[in-house]
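Hello,

Here is the structure we talked about, handed over for your use. Please look through it first; my notes on what was found follow below.

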Amino acid sequence: MSRACILAIGLVVLLSVSSLYGCGGETGVEEKPSEQVSARIQQFLVNQWVDISFRNATYSAQNPMQVESRGTGIGHYMVEGWEMRHEMGVMAAAVEGYEYLLILLRVKGDSGNPQTKGPIGPLVHPAYFEETGTNPSPRFVLFDAQGNQYQQRTSISWAAANATGRENLTSIEFSDSREHLTTVAFQIPEAAEGLRLRVQVREDKEWVDAGEWPLQS
């Protein structure tokens, strides 16, 4: 058998194996999480209290940049319901093709959480139900049926709090065990369907799903 014939046969075999195992190349199809992955996220019910644990850090009163200890805090959340609005004043003006989804919440801190007060500000972070930075509070993210993700915007949530007469999340402390009425809001396309509100906590520099409320089937 000639050398050229042997090389040709080898090439055919190589191409067959590559095709069988999917080697070498992109399909061009963007993979999305399967429904099985979504189903593993804990499901919460509307009008039911849920407890969300999160990591916190206590800083030195003498040196606000120095962490003295790390621990775990807890926040209590209830989704009462939701409503749609087309505008909520200057901070959330009407935009063609979009609307605002307002999530109506009840929240409570916990008496077991460390007190946040210090001589020049909070010693424990996160101190408030909405706080960013190195030690952020749990956050809300909205998903639709297509897997699109919508981030909460503080300015829109402020507008929603003013429009509904509720408190702003940024002013409610985790050390306050009283019940507070508040809201978070998202700007979404009018055609969005299958909405799910998910709460996430920060762990090891990554956001981890703590559970979700199905808002639409």
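**What was found**

In this predicted model, Phe 186 touches Glu 99, Tyr 100, Leu 101, Ile 103, Phe 140, Val 141, Leu 142, Tyr 150, Gln 151, Gln 152, Ile 156 and Leu 197, leaving aside residues up to four places away in sequence. Apart from the core described next, there is another one of 8 residues, with Met 88, Ile 156, Ala 159 and Ala 185 among them.

**The largest core**

The largest nonpolar core holds 27 residues. Phe 186 is among those with the most contacts inside it, together with Ile 103, Phe 140, Leu 142, Leu 197 and Trp 213. Two or more residues each come from strand 1 (50-59), strand 2 (67-85), strand 3 (98-108), strand 5 (139-143), strand 7 (179-189) and strand 8 (196-203). Strand 3 supplies the largest share, 4 residues. As background, nonpolar side chains in soluble globular proteins tend to be buried together.

Strand 3 and strand 7 run antiparallel and are joined by 11 bridges. Within strand 7, Thr 182 is the residue opposite Leu 105.

Gly 81 is a residue of strand 2. Its relative accessibility is 13%, so Gly 81 counts as buried. Gly 81 touches Val 46, Leu 102, Ile 103 and Leu 104, again leaving aside residues up to four places away in sequence. Between the C-alpha atoms of Gly 81 and Leu 102 there are 8.6 Å, although the two are 21 residues apart along the chain.

The other open sheet to note has 4 strands in the order 6-5-8-9, with antiparallel pairing. Strand 6 (149-151) and strand 9 are the edge strands and pair on one side only. On average, neighbouring strands of this sheet are turned by 35° against each other, direction ignored. Strand 5 and strand 6 run antiparallel, with 3 bridges between them. Val 141 has Gln 151 in strand 6 as its bridge partner.

**Aromatic residues**

The structure has 6 aromatic pairs. In one of them, the ring centres of Phe 44 and Trp 213 are 5.0 Å apart and the planes stand at 55°, so the pair is tilted. Phe 44 is in the loop between helix 2 (35-39) and strand 1, while Trp 213 is in strand 9 (residues 206-214), so the pair ties together parts that are 169 residues apart in sequence. Phe 44 counts as buried because its relative accessibility is 6%. Trp 213 is buried too, with a relative accessible area of 0%. Ring pairs link Phe 44 and Trp 213 with Phe 54, Tyr 77, Phe 129, Phe 140 and Phe 174 into a cluster.

Which rings have a charged group over them? Trp 49 has Lys 108 over its face, at 4.5 Å from the ring centre. Phe 143 has the charged end of Arg 198 over its ring, 4.2 Å from the centre.

Regards

Notes: Residues are numbered from 1 along each chain as its sequence is written. This is a predicted model: local features need pLDDT of at least 70, side-chain atom pairs count only at pLDDT 80 or more; totals for chains, interfaces and linings use all residues. Side-chain values use heavy atoms; hydrogens and water are left out. A nonpolar core is a set of buried Ala, Val, Leu, Ile, Met, Phe, Trp, Tyr and Cys residues joined through side-chain atoms within 4.5 Å. Buried means under 20% relative accessible area, exposed over 50%, partly exposed in between (1.4 Å probe, protein chains only). Contact means heavy atoms within 4.5 Å. Two strands pair if DSSP finds at least two bridges between them. Rings of Phe, Tyr and Trp (its six-membered ring) pair if their centres lie within 6.5 Å; planes under 30 degrees apart count as stacked, over 60 as edge-to-face and the rest as tilted. A charge sits over a ring if NZ of Lys or CZ of Arg is within 6 Å of the ring centre and within 35 degrees of the ring normal. Axes are lines fitted to C-alpha atoms, for helices over the stretch in contact, and angles run from 0 to 180 degrees between N-to-C directions.
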